[in-house]
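Visitor: Hi, I've got a model open here and would like to talk through how its parts pack. Can you walk me through it?

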Amino acid sequence: MAGSGDLARRIRRAGVVGAGGAGFPTYVKASSPAETVIVNAAECEPLLQKDQEILAHFAPDVIGGLELLMEATGAAKGVIGIKKKHGELVEHLSRALKGKPALSLKLLEDYYPAGDEFCLVYEVTGRLVPQGGIPIQAGVVVNNVETLYNIARAEKTPVVDTFLTVTGAVKSPCTLRLPVGVSIAEAVALAGGPKAKDCVALDGGAMMGKVVSDLSQPLTKTSGGLILLPKEHPLIRRKNAGRASFDRAGKSTCDQCSLCTELCPRYLLGYDVQPHKVMRGLLFSTADRKSWSQWALLCCECKLCSLFSCPESLNPGDICVFAKGDLSREKVSWKNSPLNRNRPPRAHPIRPWRKVPVSQLKARLGLADYEADAPLKEEAYAPKCVRIPLKQHVGVPARPVVAVGQDVRRGDVIGDVAEAELGVPVHASIDGRVSRIEDFIEIQA
Ligand code: SF4
Ligand code: SF4
């Protein structure tokens, strides 16, 4: 039986971080007492399917990781939140959960962003995370599917591979398991290569992902999906437009209709997020803008308001992200914001009728034509070279503990952090020789 300290130590040494988003070190979550552990299998970024593929092929590992985390946190309940539309997978998981009374499935509707942690906590437990808080304050720990898979395997294998869906303008959309540090270009080649000229990759999904033009960039532990699209695709042009253009268009065109707020998933849960007020702030001087910008502090950056809600095709979600950055530089946070009146959130009664179906979102994004199955390709891939970033997670970057010319084996620690620091080690993902050390460690096979 693993105590919370044992599991936390083990998954820290194995380098387990949230395998999506910013990569929060998982050992911190394993050290917090909780009532419920939720597996986030909502996967609502259009076209991405890696969580479905991991669950279809490795359900016992994911369930094993869930049970370990429940034991470490003392949680009495474990719940897998998955969309009802995945009928076969739901049946597969129901069979795998038979005889495990503490574990259950929560079937979710197909809306975006069902996988937002605060939405998921509310759907599963009926509780709302306090304003400015985190799920553990509602007694809940949330982890994604791949993170739990990595927890289950941590005793034997550190995190040296990453799962990702490669889809969009590629010849054979698929899900891959690749060594960390392989380039995006290699992943695209393994998916049959581009089927259009001048493509760029959306790393992390259409909604929350970022545009990557340099395909020599390496995959990290948090890579979950690449959508290849022609540079001229409207979604790419929109994402590439930049702050000055977002500000200019927002100032001149926003008519304060407030639809961005009316459909905002955090606003509908009762949080003090109002993107139309952040947009209003664009009309003020930098000093006066600050009070309007604070309506962005609790934004989860889902970008629904930018890419779906605004009838003028403005970018309130992006403006909110910039506003949060400005406020953080001025040391303004929810804690010291005048908006924070310790008001508990209360879900809006109209919320059930304001959920945005993923099918509509896909059409709005111009991605409906790229809809395709992306099955897991099981063949192992042996790269000639990998570049493993020293910072792949929230916290301090790992410091190299190897030297150029040193031979390493897959799984060896090549970068580490001190015990007292927030962070995790990074490991060699292939056997080979260290050939370069910068803010990454390059290994030649
Ligand atoms: S939906 Fe668009 S036009 Fe309406 S308030 Fe929001 S940003 Fe302005
Ligand atoms: S990105 Fe827009 S819709 Fe999403 S939470 Fe932020 S303000 Fe709300």
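Visitor: Which residues of α9 meet α15?
Guide: Arg243, Phe246 and Asp247 in α9 meet Asp318, Ile319, Phe322 and Asp326 in α15. Contact here means heavy atoms within 4.5 Å. By class, that contact of α9 with α15 has three nonpolar, no polar and four charged residues. Nonpolar covers Ala, Val, Leu, Ile, Met, Phe, Trp, Tyr, Cys and Pro, charged is Asp, Glu, Lys and Arg, and the others, Gly among them, are polar.

Visitor: Before we go on, what kind of model is this?
Guide: It's a predicted model, where local features need pLDDT of at least 70 and side-chain atom pairs count only at pLDDT 80 or more, while totals for chains, interfaces and linings use all residues. Residues are numbered from 1 along each chain as its sequence is written, chains are lettered from A and ligands numbered from 1 in the order in which they are written, and side-chain values use heavy atoms, with hydrogens and water left out.

Visitor: OK. At what angle do α9 and α15 cross?
Guide: The axes of α9 (residues 243–253) and α15 (residues 316–329) come within 10 Å and cross at roughly 115°. Helices are DSSP runs (H or I, at least four residues), numbered from the N terminus. Axes are lines fitted to C-alpha atoms over the stretch in contact, and angles run from 0 to 180 degrees between N-to-C directions. So α9 is roughly perpendicular to α15; that label covers 65 to 115 degrees, with under 35 roughly parallel, over 145 roughly antiparallel and the rest oblique.

Visitor: And how do α3 and α4 cross?
Guide: The axes of α3 (residues 50–73) and α4 (residues 87–97) come within 10 Å and cross at roughly 10°. That makes α3 roughly parallel to α4. On the α3 side the contact has Gln52, Leu55, Ala56, Ala59 and Ile63, and α4 brings Leu89, His92, Leu93, Ala96 and Leu97. Those residues divide into eight nonpolar, two polar and no charged.

Visitor: Switching to the ligands: which residues come nearest to ligand 1?
Guide: Cys254, Cys257, Ser258, Cys260 and Cys310, out of 13 residues around ligand 1. To count as near, a residue needs a heavy atom within 4 Å. The elements giving two or more residues to that shell are α10 (259–262) and α12 (275–280).

Visitor: What's around ligand 2?
Guide: Cysteines around ligand 2 include Cys264, Cys299, Cys300, Cys302 and Cys305, and Glu301 and Lys303 are also there. The shell divides into eight nonpolar, one polar and two charged.
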